[in-house]
Amino acid sequence: MAQESSQGWQEAEPHRVVVIVDENSNPFELGCATEVFGLRRPELGRDLYDFRLCSPEPRTLMRDGFFTLTGVAGLEAAEEADTLIVPNRPDTEVPRRPAVLDAVRRAHARGARLVGFCSGAFTLAEAGVLDGRRATAHWQWADDFRARFPSVRLEPDVLFVDDGDILTAAGSAAALDLGLHLVRRDHGAEVANAVSRRLVFAAHREGGQRQFVERPMPDLPDESLAPVLAWAQERLDAPLTVADLAGRAAVSPATLHRRFQGQLGTTPLTWLTRERLALACRLIERGEPRFEVVARRSGIGTAAHLRTLMRRETGITPSAYRSRFGPGVK
């Protein structure tokens with residue numbers, strides 16, 4: 001049976017992801033895309049994506065001449081992409097090839113999803129598809145990006161921005177965050193968690209989490225939230241409150257709030273709500289048919305509250321989520 005993604009696309013075949021590689025492209029982000037979208041997933045029993053690389057030239061010299069990429073498809077492969085990942089490279093001041101920009105424009109015009117990792121936002125902006133849209137880029141280039149593309153609504157302090165059919169990630173490691181976000185959007189939380197386990201990478205960092213911008217390092221005691229987050233994740237079905245989290249961390253609620261904002265870019269209550277919703281999604285994917293049970297076991301409370309949260313956070317109802325990501329859906 002064809003699976004309908006959270007964007008409403010019907011897929012008789014795996015979703016086609018195409019990466020354009022251009023001269024001086026960054027190998028790390030290319031590796032991230034390959035790892036998330038290009039590897040076979042025998043543990044899942046199905047292929048998630050049809051993945052291809054393409055380039056405007058038969059031989060592409062990668063960043064700083066580290067190696068030369070050959071044997072990939074020509075730029076015409078971009079015409080068949082459902083998701084097109086655009087080139088990113090460190091020389092942001094050098095104009096992109098007109099052929100690459102034209103391929104990006106055509107993909108956007110026919111409704112393909114566009115993705116820019118790190119400096120890939122420059123490619124998207126130069127193609128003109130980001131005018132009036134939200135995007136992010138590495139904090140190091142934020143001022144230059146604003147000066148060159150004032151019509152883009154740049155959000156420089158976040159890991160990634162999901163603006164529907166155009167998504168951008170701030171830096172190298174954030175490419176993995178955005179990649180897993182797309183897997184979650186396309187295939188659900190359970191599949192995204194399986195991919196993240198194989199990556200040995202955090203399953204979910206919120207896009208609104210702040211970038212690790214270079215700042216003077218004060219001499220402070222260890223204030224990591226990791227212990228209290230792990231403690232809370234084991235007790236999501238309990239009636240936890242922000243005061244409970246603060247008590248576990250041995251700080252005041254106000255201090256806890258400041259730490260959440262500083263380390264995660266969100267509030268304790270918002271984090272707790274999203275963790276509970278993620279657990280509810282996993283329970284639905286694993287086959288729990290009773291939404292009252294899903295709501296109770298995830299700490300959300302009632303089926304009515306579950307419906308409200310899912311509509312607000314995912315745009316679909318629990319029933320629609322089950323039809324797209326539940327057991328037996330391929």
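Reply: Start with Arg286. In this predicted model, Arg286 has a relative accessible area of 55%. That is over 50%, so Arg286 counts as exposed. Its side chain meets that of Glu190 in a salt bridge, 3.1 Å from N to O. Glu190 has a relative accessibility of 23%. That value lies between the cut-offs of 20% and 50%, so Glu190 is partly exposed.

Where do Glu190 and Arg286 sit in the chain? Glu190 belongs to helix α6, residues 189–199. Arg286 lies in the loop between α10 (268–285) and α11 (291–297). The two are 96 residues apart, and the pair links distant parts of the chain.

Now take Glu79 and Arg106. Their side chains also form a salt bridge, at 2.7 Å from N to O. This pair, too, links distant parts of the chain. Glu79 is in the loop between β7 and β8 (83–85). Arg106 is in helix α2, residues 98–109. They stand 27 residues apart. Glu79 has a relative accessible area of 32%, so it falls in the partly exposed range. Arg106, at 41% relative accessibility, is partly exposed as well.

How many salt bridges are there in total? The count comes to 23. Side chains of opposite charge can pair when their charged atoms come close.

Now the sheet. Seven strands make up an open sheet with mixed pairing. Their order is β7-β4-β3-β8-β9-β13-β12. Which strands form the edges? They are β7 (73–74) and β12 (160–162), and each pairs on one side only. Phe160 stands opposite Ala169 in β13. A helix packs on this sheet: α3, residues 120–127. Helix α3 touches β9 (113–117) and β13. Its direction makes about 135° with that of β9.

Note on methods. Residues are numbered from 1 along each chain as its sequence is written. This is a predicted model: local features need pLDDT of at least 70, side-chain atom pairs count only at pLDDT 80 or more; totals for chains, interfaces and linings use all residues. Side-chain values use heavy atoms; hydrogens and water are left out. Two strands pair if DSSP finds at least two bridges between them. Helices (H or I, at least four residues) and strands (E, at least two) are DSSP runs, numbered from the N terminus. Contact means heavy atoms within 4.5 Å. Axes are lines fitted to C-alpha atoms, for helices over the stretch in contact, and angles run from 0 to 180 degrees between N-to-C directions. A salt bridge is a side-chain nitrogen of Lys or Arg within 4 Å of a carboxyl oxygen of Asp or Glu. Buried means under 20% relative accessible area, exposed over 50%, partly exposed in between (1.4 Å probe, protein chains only).
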